[in-house]
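Student: Can we walk through this model together? I'd like to start with the strands, then look at the core.

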Amino acid sequence: MLGDGPLERLRSEGRIVVVGASLAGLRAAEALRAEGFTGSLTMIGDEPHEPYDRPPLSKQVLLGKAAAERTALPRLRAVDATWRLGVAASGLDPAARQVRLADGDEVPYDRLLIATGVRARPWPHAAEGELDGVFVLRGRDESAALARRLDAGPGRVLVIGAGFTGSEIASACRERGFPVTVVERGAAPLVGALGGVVGAVAADMQREHGVDLRCGVMVTALEGDASGRVRAARLSDGSTVETDVVIVSLGATRNTEWLAGSGLGAGPRGIACDAGCRAFDIRGIVTDDIYAAGDVARCPHPLFGYQFLALEHWGNAVAQARIAAHNMLSDSTERVPHMEVPSFWSAQFGVNIKSVGVPSMGTEILISQGSLESRRFVGVYGYQGRVIGAVSFDHGRWLPFYQELIETTAPFPPPFATVDRRSGGQRPVDADFPDPSVPTHGPTVTLSGYSPADRRPTFVPAH
């Protein structure tokens with residue numbers, strides 16, 4: 001907590017602006033008030049809604065178990081803020097310390113937090129993307145519109161892209177009994193995030209639940225009828241899929257365009273930050289009054305070779321928001337790094353999938369518990385002789401153990417036997433990622449504690 005000296009009072013006062021009425025934006029605002037900030041707080045959001053939870057939009061809302069308008073995030077405490085909703089930020093002037101809004105207004109700040117997140121990548125052919133029945137899914141309004149169309153009973157749903165969101169949408173549609181075709185240009189669903197070994201399991205799951213899964217092909221065109229409603233999709237293998245609902249799930253675009261010309265180190269991959277969430281300018285110099293948190297932030301992570309990671313994870317947004325809020329109010333000696341181990345979960349086709357670490361950095365995978373055949377297993381990912389990530393299918397209770405292995409830079413493969421291994425002689429295999437990342441060589445970093453408040457990096461010479 002802040003003290004009561006002149007410097008502490010200065011940091012606890014003034015004007016803080018949060019651009020992005022998001023999960024990260026709200027949790028940061030709550031943390032600012034919890035840490036003693038008494039100045040003015042302004043929340044800017046391009047949507048007319050106060051912050052809401054996004055994971056239910058591709059699950060409960062599409063299943064008809066929840067209404068999109070009932071997904072508002074619970075408030076942990078009052079934030080006493082001025083809300084500027086339904087108007088997007090259109091520019092930033094760091095010299096004048098002003099945020100420009102799309103309605104022509106300008107909002108001054110002393111410290112700024114950017115939490116603008118991401119948006120769904122649209123269908124690349126604009127005229128085809130505007131056909132009636134073509135949807136993307138990111139926001140509350142998009143989810144509500146898609147749910148209404150599903151309630152009307154489509155003849156066939158086509159999902160373009162089999163990442164986590166696309167797979168969850170396909171799962172919800174199959175659970176409701178709709179015919180579903182999924183088109184994925186990769187070799188299997190989830191292959192970019194979890195690799196081909198686990199992707200093959202996901203492919204079997206989809207097909208056994210009645211999905212017409214087509215991998216290794218792309219949609220080349222969407223066709224509509226005379227009334228402007230989508231009727232078919234043409235694929236790169238020459239086939240055609242007749243459909244009246246198309247859901248485009250081609251990943252996300254980070255909302256940084258409004259920062260063009262601001263001098264910040266911002267681009268399609270996010271806003272470059274230091275480990276304490278302070279934004280870099282285009283010269284590589286860290287700013288002292290501009291911070292970023294959530295999906296839009298690219299921060300170097302000490303546990304993963306100081307690679308700049310931009311993570312679209314719910315837990316990461318919450319953790320980064322709290323770190324950014326703390327550092328905005330702290331003296332340099334009291335600032336802390338964002339060292340949260342990434343984690344993620346998904347529910348699809350009756351299976352709970354959870355991961356910790358960064359599996360996509362791994363080059364090998366070992367099924368350390370359970371078996372791929374049973375679809376109840378833990379897969380551990382290795383990179384350069386250390387544990388870098390883990391994924392579980394209906395075996396999530398073990399993930400805290402593997403998180404500790406990641407934090408302590410445990411060797412890979414793990415030097416222990418487990419009770420439920422099907423084959424004691426099992427060895428690691430190629431994780432089979434389509435485009436494996438190659439992190440730079442550098443020092444190994446371990447964590448000296450497991451309470452977030454106690455975490456400090458300890459350097460160990462690289463081998």
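Student: How many bridges join strand β22 to β23, and do they run parallel or antiparallel?
Tutor: 3 bridges join β22 (residues 297–301) to β23, and the two run antiparallel. P300 stands opposite F308 in β23. Strands here are DSSP runs of E, at least two residues long, and helices are runs of H or I of at least four, both numbered from the N terminus. Two strands pair if DSSP finds at least two bridges between them.

Student: Before we go on, what kind of model is this?
Tutor: It is a predicted model: local features need pLDDT of at least 70, side-chain atom pairs count only at pLDDT 80 or more, and totals for chains, interfaces and linings use all residues. Residues are numbered from 1 along each chain as its sequence is written, and side-chain values use heavy atoms, with hydrogens and water left out.

Student: Back to the sheet. What is the strand order around β22?
Tutor: The order is β18-β19-β22-β23, an open sheet of 4 strands with mixed pairing. β18 (266–267) and β23 (307–309) are at the edges with a single partner strand each, so one side of each has no neighbour in the sheet.

Student: Which open sheet has 5 strands?
Tutor: That one runs β9-β16-β10-β11-β12, with parallel pairing. Its edge strands are β9 (134–136) and β12 (212–215), each pairing on one side only. The twist averages 20° from one strand to the next. For that angle, axes are lines fitted to C-alpha atoms (for helices, over the stretch in contact), and angles run from 0 to 180 degrees between N-to-C directions.

Student: How many bridges are there between β11 and β12?
Tutor: There are 4, in the parallel sense, with β11 covering residues 180–184. T181 stands opposite D212 in β12.

Student: Now β7. Which way do its side chains point?
Tutor: R111 and L113 point one way, L112 and I114 the other, and all are buried. Buried means under 20% relative accessible area, exposed means over 50%, and partly exposed is in between (1.4 Å probe, protein chains only).

Student: Which strands does β7 join through bridges?
Tutor: β1 (residues 15–19) is joined to β7 by 4 bridges, running parallel. The bridge partner of I16 in β7 is R111. β21 (residues 286–292) is joined to β7 by 3 bridges, also parallel. There I114 has A292 as its bridge partner.

Student: Where's the hairpin with F349 in the turn?
Tutor: It is formed by β24 and β25, with 2 residues between them. F349 has a positive phi of about 50°. 6 bridges join β24 (residues 343–348) to β25 (residues 351–357), which run antiparallel. S346 stands opposite I353 in β25.

Student: Switching to the core. Which residues touch the most other members of the largest one?
Tutor: V157, Y381 and F393, in a nonpolar core of 66 residues. Helix α6 (residues 191–208) gives the most to this core, with 7 residues. A nonpolar core is a set of buried Ala, Val, Leu, Ile, Met, Phe, Trp, Tyr and Cys residues joined through side-chain atoms within 4.5 Å.

Student: What does F393 touch?
Tutor: Leaving out residues up to four places away in sequence, its contacts include V198, V201, M205, V351, I353 and F377. Contact means heavy atoms within 4.5 Å.

Student: Why does the pair of F377 and F393 count as stacked?
Tutor: The ring centres are 4.7 Å apart and the planes are at 20°, so the pair is stacked. Rings of Phe, Tyr and Trp (its six-membered ring) pair if their centres lie within 6.5 Å; planes under 30 degrees apart are stacked, over 60 edge-to-face, and the rest tilted. F377 is in β27 (residues 376–383) and F393 in β28 (residues 386–393), 16 residues apart. F377 and F393 are both buried.

Student: Which aromatic cluster includes W398?
Tutor: W398, F401 and Y402 form one cluster.
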